Amino acid sequence: GNSSIVVALDGPAASGKGTLARLISDHYGLAYLDTGTLYRGVAWLVMREGGDPADRERAAAAARDYAIEKLSGADIRTKEVGAAASVVAANSEVRAALLDFQRRFAETPPKNAVGAVLDGRDIGTVVCPDATVKFFVTASPKTRAHRRWLELIEARPELQESEIYQDLLERDARDAARDDAPMAAAQDAELLDTTHLSIDAAFAAARRVIDGVFRRCG
Ligand code: CDP
Ligand code: CDP
C-alpha cells in the first residue's frame with residue numbers, strides 16, 4: 001500500500017494527462033512521473049540498434065537494461081516512437097521490468113516530496129491501485145488528433161492531421177485490447193472529458209476533485 005499521496009492519471013493519447021499531471025505536480029508539490037516515457041524509451045532503444053519493437057526478447061532485454069541516461073538527446077516524442085512504444089507495451093516482460101521502478105517512485109517519491117503524480121494507461125488499475133485520487137482523462141479523437149498535430153507540425157510540416165488521427169486510433173485500439181494491463185478506467189476513477197475544456201478549466205475541475213478527496217481524508 002501507499003503511505004504517500006498518489007494522484008493517478010490515465011487515458012488515451014493527447015487527452016491532456018501530461019499537462020494536468022505537470023500542473024498538479026506544481027500546485028500540490030508532488031513528484032511527477034510520465035510513465036509513457038519509459039515505454040517510448042524502451043522502443044527508442046530497440047529501434048536505435050536497428051531492432052524490431054515486436055521482437056519480444058529484444059524489447060524485454062531493453063526494458064531490463066532501461067536507464068534514463070541512455071536516452072540523452074533522444075527525440076522520443078515522435079509519432080513513430082509512439083507507435084513502437086505501444087508495440088513494446090503489449091509485451092508482458094517489458095511491463096514487468098518497468099513495474100518496480102514506477103511503484104517505488106509512487107511509494108517513495110524523490111526529493112522528499114509528500115507524494116507523486118503518475119500518468120499513463122494502467123496507473124489506477126495496476127501500478128497504483130490504492131492511489132489517493134484517480135482520473136481517467138478523455139477527449140474526442142478529433143480533438144486529440146488536432147492537439148497532437150499542433151504539437152508536431154513545427155518540426156514536421158508535412159504531417160497531415162488525418163494521418164495523426166489514424167495513428168492515435170490505432171494506438172488506442174492496441175493499448176485497450178492487450179491482455180496485460182490494458183488501458184482502462186479504474187472503477188473508482190473520476191472521468192474527465194477535456195474535449196470542450198481549456199487547460200485552465202480542466203485543471204480547475206481536477207483540483208475540485210483532489211481537494212474534495214483531501215478534505216475527506218483529513
Ligand atoms: O499527456 P497526453 O498525451 O494525454 O496529452 P498532453 O500532452 O497533456 O496534451 C496534448 C496537447 O493538448 C498539449 O499540447 C496540450 O497543451 C493540449 N491540451 C489542450 O489544448 N487542452 C486541454 N484541455 C489539454 C491539453
Ligand atoms: O503522450 P501520449 O499519450 O501520446 O503517449 P505516452 O503516454 O507517451 O505513451 C506511449 C505509449 O506507451 C502508449 O500508447 C502505451 O502503449 C504505452 N504506455 C503504457 O502501456 N502504459 C503506461 N502506463 C504508459 C504508456
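Q: What makes Val137, Thr138, Ala139, Arg144 and Thr194 contacts of Ser15?
A: In this predicted model, two residues are in contact when their C-beta atoms, placed from the backbone, lie within 7 Å. Leaving out residues up to four places away in sequence, Ser15 touches Val137, Thr138, Ala139, Arg144 and Thr194. Ser15 itself is placed in the loop between β1 and α1.

Q: Why is Ser15 called buried?
A: The cut-off for a buried residue is 20 or more other C-beta atoms within 10 Å. Ser15 has 29 such atoms within 10 Å, and therefore it is classed as buried.

Q: How do you know whether Ala14 is buried or exposed?
A: Ala14 has 23 C-beta neighbours inside 10 Å, so it counts as buried. Ala14 also lies in the loop between β1 and α1. Not counting residues up to four places away in sequence, Ala14 touches Arg144, Arg147, Arg148 and Leu168.

Q: Which record covers Ala14 and Ser15, and under what annotation?
A: An unreviewed UniProt entry carries the annotation "binding site" for Gly11, Pro12, Ala13, Ala14, Ser15, Gly16, Lys17, Gly18 and Thr19. Such annotations may be inferred rather than shown by experiment.

Q: What makes up the shell around ligand 1?
A: The ligand is surrounded by 15 residues, the closest being Gly16, Lys17, Gly18, Thr19 and Arg147. Helices α1 (17-28), α7 (141-152) and α9 (199-217) each supply at least two residues of this shell. The most come from α1, which gives three residues.

Q: How do the residues of the shell around ligand 1 divide into nonpolar, polar and charged?
A: Five are nonpolar, seven polar and three charged. Gly is counted among the polar residues under this scheme.

Q: What makes a set of residues a nonpolar core, and which residues have the most contacts inside the largest one?
A: The set must consist of buried residues of the listed nonpolar types, joined through C-beta atoms within 7 Å. The largest such core has 29 residues, and Val7, Ala8, Leu9, Val117 and Leu118 have the most contacts inside it. Its largest share, five residues, comes from β1. A second, separate core of 20 residues includes Val42, Val88, Ala97 and Leu98.

Q: Which residues are in contact with Leu9, leaving aside its neighbours within four places in sequence?
A: Leu9 is in contact with Lys17, Leu20, Ala21, Val117, Asp119, Ile123, Phe135 and Val137.

How values were computed
Residues numbered from 1 in each chain as written. Chains lettered and ligands numbered in written order. Predicted model: local features only at pLDDT ≥ 70, side-chain atom pairs only at ≥ 80, totals over all residues. Near = placed C-beta within 6 Å. Helix = DSSP H or I, 4+ residues; strand = E, 2+ residues; numbered from the N terminus. Buried ≥ 20, exposed ≤ 12 C-beta atoms within 10 Å, placed from the backbone.
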